[in-house]
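Colleague: I have a structure open and would like to talk it through. Could you take my questions one at a time?

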Amino acid sequence: MRKVVLVTGANSGVGHALCQRLLQEDDGLHLCLACRNPDRAEAARAALLASCPSAQITAVQVDVSDPRSVLRAAGELRRRFRRLDCVYLNAGIMPQPQLDVGALLSGLFSRRVVHMLCTAEGLLIQHDRVTADGLQEVFATNVFGHFLLVRELEPLLCDGDSPARLIWTSSRSAQKAKFSLQDFQHRSGQEPYSSSKYAMDLLSVALNRKLNQRGLYSSVACPGTMLTSMTYGILPAFVWTLLMPIIWLLRFLVNGFTLTPHNGAEVLPAEDARGAGQPAVRCPCWGHRLTEEENASRLLLISPQCVRQTGGSAKGQSLGVAHCTSTMQSTEPGGQVWLFRQRPESLDPLSKYLSTATGFGSTYVTAQKMDLDEDTAERFYHSLLELDTHVRATLQGTGAQS
Ligand SMILES: NC(=O)C1=CN([C@@H]2O[C@H](COP(=O)(O)OP(=O)(O)OC[C@H]3O[C@@H](n4cnc5c(N)ncnc54)[C@H](OP(=O)(O)O)[C@@H]3O)[C@@H](O)[C@H]2O)C=CC1
Ligand SMILES: CC(C)CCC[C@@H](C)[C@H]1CC[C@H]2C3=C(CC[C@]12C)[C@@]1(C)CCC(=O)[C@@H](C)[C@@H]1CC3
């Protein structure tokens with residue numbers, strides 16, 4: 001049976017590049033594009049079919065910022081499919097971003113330049129708005145709409161014969177300091193984007209705790225800074241073009257500048273196109289290439305350096321991938337993706353996986369521990385459940401729930 005993969009925000013940017021890469025790896029997929037604008041969805045479908053005519057591609061209309069639309073789309077998906085193998089929760093916004101040029105200029109000559117350019121910490125504010133349902137738009141789009149979608153799609157994702165996956169497009173901008181459990185919609189701050197991406201990281205952790213035993217696994221991916229309509233909202237296209245020589249130079253310092261959606265999607269594709277038993281991972285600190293046996297058992301030999309990071313276990317001891325937070329590179333020529341070819345059970349639910357670029361533009365994947373604790377994740381999850389109940393009650397009151 002064909003695997004079914006759903007991608008939100010599939011009509012542009014990294015979502016569209018992801019779809020292209022998924023089809024390049026496996027044209028036997030059924031790809032379902034979840035987009036808010038049917039014309040853009042159709043254009044994306046036509047473009048994907050042009051490069052992969054044998055693919056099965058459908059579309060579903062959904063505005064993830066609107067709970068009615070999410071419930072209706074989920075109903076349609078439940079009618080169309082008996083199972084979903086993978087859902088990419090990718091649609092996202094960063095409305096009316098405003099760049100602090102002074103902070104940028106002073107940051108460029110400070111010791112925190114690399115961190116600043118990777119995360120935009122202290123550089124950007126946004127102007128959020130309140131939706132017709134009384135939700136903050138950035139939170140509603142980036143987090144809550146996707147939370148509702150996952151809850152509604154549970155029957156298609158859980159308790160199947162093989163594990164199903166959720167993959168969140170998060171960001172290096174996710175920042176603990178911008179998130180508050182008391183104000184998780186970020187009503188009072190000016191950095192709703194960073195807050196929403198941190199909320200997403202928390203939610204992924206909580207979902208793993210709730211749903212792993214039912215065969216659903218959630219992972220967090222960060223594509224790095226790319227030139228897409230989101231970043232063209234910060235600086236006009238011609239300014240980006242003028243900045244390109246500087247950006248290419250900065251790339252030798254800033255490994256988060258993936259720049260193209262294709263590069264940004266490095267970490268995302270999830271299909272195990274090559275199957276088990278093929279060496280795919282090595283720890284670059286040691287340069288150890290996995291044997292077939294290690295790869296099949298999904299254990300990773302960790303270098304002494306990584307062992308130090310993981311608390312002093314013996315050198316050469318086999319540890320689960322879960323314990324290795326070091327850089328791990330694709331061993332394949334051409335830099336194909338390795339990460340999500342791993343069995344989801346073997347990934348660390350407390351790490352996020354980042355598309356990363358070298359100065360010369362080749363891409364690889366790194367892993368980073370998330371700056372969060374599971375207790376906060378649990379409490380946030382309960383806050384979302386309460387909001388879910390409240391929103392559904394309001395929709396029922398207005399007779400809008402399907
Ligand atoms: N660009 C970057 O540097 C980075 C981006 N990201 C993340 O990548 C993801 C994709 O962004 P990117 O590709 O850059 O930007 P794009 O603006 O190109 O893509 C955003 C996608 O999300 C869709 N979308 C937005 N709002 C809604 C909504 N309410 N309902 C349904 N779909 C919606 C857009 O649809 P439409 O065409 O209709 O607007 C579009 O398809 C986002 O989550 C973003 O936060 C993470 C790190 C860096
Ligand atoms: C000379 C400089 C390279 C000029 C560019 C300055 C800024 C416009 C960029 C510097 C860091 C960038 C950045 C993002 C957007 C553009 C910058 C602020 C993001 C916020 C885009 C969306 C994300 O999710 C983040 C990971 C990016 C972090 C870095």
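This is a predicted model: local features need pLDDT of at least 70, side-chain atom pairs count only at pLDDT 80 or more; totals for chains, interfaces and linings use all residues.

Colleague: Fine. Which residues touch the most other members of the largest nonpolar core?

Modeller: L33 and A199 do, in a core of 88 residues.

Colleague: And which helix gives the most to this core?

Modeller: Helix 6, which covers residues 137-157, contributes 12 residues.

Colleague: Where does the core lie relative to domain 1 and domain 2?

Modeller: It lies between them, because both domains give residues to it. Domain 1 is made of 4-96, 129-222 and 374-397, while domain 2 is 281-369.

Colleague: Back to L33. What is L33 in contact with, leaving aside neighbours within four places in sequence?

Modeller: The contacts of L33 are V7, A10, N11, C19, A41, A44, R45, I57 and A59.

Colleague: Now V391. Which helix is V391 in, and is V391 buried or exposed?

Modeller: V391 sits in helix 13, residues 374-397. It counts as buried because it has 21 C-beta neighbours inside 10 Å, and the cut-off for buried is 20 or more.

Colleague: What does V391 contact, again leaving aside neighbours within four places?

Modeller: P67 and D133.

Colleague: How far apart are V391 and L153?

Modeller: In sequence they are 238 residues apart, and in space 17 Å, C-alpha to C-alpha.

Colleague: Ligands next. Which residues come nearest to ligand 1?

Modeller: There are 30 residues around ligand 1, and G9, G13, A91, G92 and T228 come nearest. Helix 1 (13-25) and helix 8 (229-232) each supply at least two residues of that shell.

Colleague: How does the shell around ligand 1 divide by class?

Modeller: It has 10 nonpolar, 17 polar and three charged residues.

Colleague: And what are the classes around ligand 2?

Modeller: There the shell has 12 nonpolar, five polar and one charged. Of the 18 residues surrounding ligand 2, the closest are A120, S171, R172, S173 and T225.

Colleague: Which helix gives the most to the shell around ligand 2?

Modeller: Helix 9, with four residues. Helix 9 runs over 237-250, and both it and helix 5 (113-119) supply at least two residues of the shell.

Colleague: Last topic. What feature does UniProt place at residues 232-254?

Modeller: The unreviewed UniProt entry has "transmembrane region" there.

Colleague: What does the model have over residues 232-254?

Modeller: The chain there is 65% helix and 0% strand, and the end C-alpha atoms are 19 Å apart.

Key: Residues are numbered from 1 along each chain as its sequence is written. Chains are lettered from A and ligands numbered from 1 in the order in which they are written. A nonpolar core is a set of buried Ala, Val, Leu, Ile, Met, Phe, Trp, Tyr and Cys residues joined through C-beta atoms within 7 Å. A residue is buried if 20 or more other C-beta atoms lie within 10 Å of its own, exposed if 12 or fewer, and partly exposed in between; C-beta atoms are placed from the backbone. Domain bounds come from an automatic or database domain assignment. Two residues are in contact if their C-beta atoms, placed from the backbone, lie within 7 Å. A residue is near a molecule or strand if its C-beta atom, placed from the backbone, lies within 6 Å of it. Ala, Val, Leu, Ile, Met, Phe, Trp, Tyr, Cys and Pro count as nonpolar, Asp, Glu, Lys and Arg as charged, and the others, Gly among them, as polar. UniProt positions are given in the numbering used here, feature names are shortened, and annotations may be inferred rather than shown by experiment.
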